[in-house]
Each structure stands twice: as structure tokens, then as C-alpha cells.
Amino acid sequence: MVQGEGAPRPPSHLLLEVDLPFARVARELEASVPRRVAEERGRDIGLAGSLDTTVDRGPLRVAYDAASDALVVTTALHIEARACTSRRGCYASCAPEAIARVTAPLVLTADYGLRRPRVAVSLVRGCKLSALGGLVQVDVTPMLEQRLAPEARRFEAELARRLPDLRPQVVARWAELSAPRALPLRAGCVRVRPSGLAQAPSAPAPGAVRLRFLLEASPELRRACDEGPGLHAPLLPPLATVPEAPDAAEMSVGVEVPLADLERALTGPPPLALGPRSARVASARVEADGAEVRVTSALAGGVCGETTAHARVAWSGDTLGYVHAVVAPEERARLASSGVPAEALEAALEARGRVSPRLTPTLARDALPALAAALSTDDADVRAVVTSARAGDVRLEPGAALATVRIQHTISVAVR
């Protein structure tokens, strides 16, 4: 399919999956969350004296809860409660147990903020203390529950305060993604042209949670980065949400092919076989004309003169060239008088006028995985899986054809 000059190219989607290992989350939390969660001394318990309590946490366990699309961090709370008086010191103790559960939503806000985590603490084993030789039994379980509730709220507020502000980082990455990027060895210029970002529900992965994002973009491979940077970085759009992500997204990459390349493909040896005669193309001019190109060829040799034909530009395998070439009606009779069927010239133009773009369906199967691997760092392993790559449509621009390669893919980032 050929689109005429100025026809908009619809955006495509890049599927990005980020695997966040539970071990990595637990390791960072272990380093930042103190073992001693709470401590209180001298709480009045009447005839039994006063109560001293300490609360220490155990190891942190991280899991993913699909129902709430959240990370869930749990830990056992080891409580030591001691009854003390000024005369006898601490004379009785018990060791109640509690479970703390932190739920951290993974769905970001529209402005790329982390949602406030929720903390819940529940006692799983209570505590009774004996005083005055066993004459007095003091159940301190309600007292501990009252003490743990505000501690949970305090810890919740502290966690919310420590959450990082993601927006400045996302704004910076968006600006980088929007800027043209020259490829090494003069291989061209990549322009991603991002236009939107959406988050899909997370999914469980082996020992990790998989975050899934869809980047809306119109990526292109141009010959040169001749477009200067804008005065202002493109605005970061609000983060959208989608109910689900596809198993593999389809990305449409536009590849610029100058019409001058199609002109050069026609000229030079060997001569064109035109039925019983042959001719060489001394010069050629290719111009966009609506949804087609106008091909003007100056012939020399067995057939002389200038001929004009119209044709469409389309993929054929991994090459781009003319299809449905038609010689101008007013020139068909002149060619026939020279002993050359117009159909012979049309077939010769289609056979000769072919070029290989810098990105083809075959190259895309290897290029995307190689490019993704080159983006890996010490902290993250980047991989791309190409399910299929096929030729797309061709759009005509002033002086160039923009041929698209449609790539079904998944890009994964495994955080180490």
C-alpha cells in the first residue's frame, strides 16, 4: 500500500516489560528498614507497675498480589513485654507475636507518582502477665494493639515520605527519547518520536514481578540527523492505563529511502533489454506525484529519447522498487514506431528500479535484539524478542519514500 505525500503515519507501540526481582527489593529494604521497629518504657498498668515493650522485626519477605496489583512485604514482629516496679525491677515478661503487612501499589499515578503504601499490623499471639504472686493477672494484649496501631500509621507515613519522585527522571528520559540520535558508522539517524505512554497490569514472573508498559511512538530511520533540536523539550503526556497488554506489540519503523537512490538504480550498465532492442539509461529523474512517482528516463543506444512512466513504490522481499509501471499514453506510439513494446520498457523499469533500504524485514529480526543487548548495563539486562518482521506500507515525501517495516516484538528488562 502506498500513501500519498503528507498522509499521516499512525503511531505504533513498543511493549516494554521490566522484571523486578523480589530478592532485589528485599535486599534494598533490609538495608533501609531498621530492625528495632518500636520501643516504649514506663506505661502504667496499675497494681502490676509499668510496662516496657520493644518491637523488633524479622526477615522481610516480598511477594506479588495479582488481585490488588501490588507488592506485598511481610515480616514477623517479635515483641518483648516486661512488667516492672520501682522496688522489684522487672519481674515478669512475655513474648507476643505480630505480623506486619505492607502493600505497595504498582500502578503509577497519571503524573508518574508512586501511590501511598498501606501498612497493617495484627497480633497473632497475645500476652498476660502475673503480679502479686499470681493473684493479679494483667492481659496487656489490648494495650499492645493500641500501641501498634499508631506505630503502623507512623511507619506508613515514613514510607510515603521516602518514596522517590519519579517524574523528573521520566521527564529526562522522555526528552532523550524525543531527540534524534545518530547511529555509529554513519548508519543513519534514529528518531523515536514518542507520543504517549501507558501502563498495563503487572504480572507474576519467576521470583519477580513483571511491570508492563506500552510506548506509543512513530520510530523512523533517517539518512541524517538534519533536524535541529527544538527550543523546548516535548511535553511528557500523562500516564495512561490499559486493561491489558498484548503478548507481543507491533512496532512500525519508517525507513527513509531518497528518491535519488531509485534514480541511480536505473542508470549505468547493463543496458535495458527492450524486446528486440536495448538501451541504456543516461539519466533518470524520479518525483513524487500523489500516491505514485513519475519516472523520467533519458534513453540512449538502440532506443533514444526521453520517456515518462508512472509507477507505485512498494516492497518486494527485502528490496524497494517500482510496481505497476505504466508508460505515458502519448509515448506508447513513439516507442512502438521504434520497435519497442511499451510493456517491455515497463517491465525493465520494474526489474531495474530496485534498492535495498538500510532496514529490511530480514535485517530487523537480528537488528532489534542486537540493539537491545547493546543497551544492557551492570544493573539491568535488556533483551528483545522478535516474533515476526514483515514489509509494511510506503509513504511518499518530497524527495524520498518512507518505507515501513512492521515488527512484532517484546522488549524485556531484567533488573539485577
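A disulfide is taken here as a pair of cysteine sulfur atoms within 2.5 Å. In this predicted model, the count by that rule comes to three disulfides. When the bonded cysteines are numbered in sequence order, they pair as 1-2, 3-4, 5-6.

C189 and C225 form one of these links, with their sulfur atoms 1.9 Å apart. The torsion about their S-S bond is about 100°, so this disulfide is right-handed. The pair connects distant parts of the chain, since C189 belongs to strand β13 (residues 189–191) and C225 to the loop between β16 (220–222) and β17 (240–241), 36 residues apart. C189 is buried, at 0% relative accessibility, whereas C225 is partly exposed, at 34%.

A disulfide also joins C84 to C90, with 1.9 Å between the sulfur atoms. This link is right-handed, with 85° about the S-S bond. Here C84 is buried at 8% relative accessibility, while C90 is partly exposed at 43%.

C94 and C127 are bonded with an S to S distance of 1.5 Å, and their link is left-handed, with -70° about the S-S bond. C94 lies in strand β7 (residues 89–94) and C127 in the loop between β9 (118–125) and β10 (128–131), so the pair ties together parts that are 33 residues apart in sequence. Both C94 and C127 are buried.

Strand β2 (residues 12–21) has seven of its 10 residues buried, so the rest of the structure largely encloses it. Strand β2 runs antiparallel to β15 (residues 208–217), to which 10 bridges join it; D19 has R210 as its bridge partner there. Four bridges connect β2 to β26 (residues 400–415) in a parallel arrangement, and E17 stands opposite S412 in β26.

Methods. Residues are numbered from 1 along each chain as its sequence is written. This is a predicted model: local features need pLDDT of at least 70, side-chain atom pairs count only at pLDDT 80 or more; totals for chains, interfaces and linings use all residues. Side-chain values use heavy atoms; hydrogens and water are left out. Buried means under 20% relative accessible area, exposed over 50%, partly exposed in between (1.4 Å probe, protein chains only). Helices (H or I, at least four residues) and strands (E, at least two) are DSSP runs, numbered from the N terminus. Two strands pair if DSSP finds at least two bridges between them.
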